[in-house]
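Please brief me on the structure shown below, with the cut-offs behind each term stated alongside the values.

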Amino acid sequence: MPDYFKEALGDFVNGFTWYGPIEHLLKNGYTIDRMIKEDHISLPPARIREFAEKINRIRVSEGKDPYPIIDK
């Protein structure tokens, strides 16, 4: 049987740990690819993308423009 509490706690800790640094890098013009290439965030690329997309969803819900997260 899965341990839902451990999974939820892990998600909370990862979010608390990585949300701020990822948002900081996005504010400073970093894309997901650049974060990965320059090894600024030690998370799997899918997890970085997940956080970046969540940050953008929140910004849009607040009436702000989303950060560019992909290279052009």
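**Salt bridges**

E38 forms a salt bridge with R34, the closest N and O atoms being 3.0 Å apart, where a salt bridge is a side-chain nitrogen of Lys or Arg within 4 Å of a carboxyl oxygen of Asp or Glu. This is a predicted model, in which local features need pLDDT of at least 70 and side-chain atom pairs count only at pLDDT 80 or more, while totals for chains, interfaces and linings use all residues. Residues are numbered from 1 along each chain as its sequence is written, and side-chain values use heavy atoms, with hydrogens and water left out.

- Side chains of opposite charge can pair when their charged atoms come close.
- The search of the whole structure finds three salt bridges.
- In the pair described above, E38 is partly exposed at a relative accessible area of 37% and R34 is partly exposed at 32%; buried means under 20% relative accessible area, exposed over 50%, and partly exposed in between, with a 1.4 Å probe and protein chains only.
- R47 and E50 meet through their side chains in a salt bridge with an N to O distance of 2.6 Å, and, being three residues apart in helix 3, they are separated by about one helical turn.
- Within that pair R47 counts as buried at 17% relative accessibility, whereas E50 is partly exposed at 43%.
- A salt bridge also joins the side chains of E62 and K64 at 3.3 Å, N to O, with E62 partly exposed at 48% relative accessibility and K64 partly exposed at 41%.

**Overall fold**

- The protein chain has three helices and zero strands, following the pattern α-α-α along the sequence; helices (H or I, at least four residues) and strands (E, at least two) are DSSP runs, numbered from the N terminus.
- The C-alpha trace spans about 45 × 30 × 15 Å along its principal axes, and buried residues make up 28% of the 72 residues.
- Of the contacts with a separation of 6 or more, 47% are accounted for by residues 24 or more positions apart, a contact meaning heavy atoms within 4.5 Å.

**Nonpolar core**

- The largest nonpolar core has 15 residues, and those with the most contacts inside it are W18, I22, L26, M35, I41, L43 and I48; such a core is a set of buried Ala, Val, Leu, Ile, Met, Phe, Trp, Tyr and Cys residues joined through side-chain atoms within 4.5 Å.
- Two or more residues of this core come from each of helix 1 (4-27), helix 2 (32-37) and helix 3 (45-61).
- I48 lies in helix 3 and is buried, with a relative accessible area of 0%.
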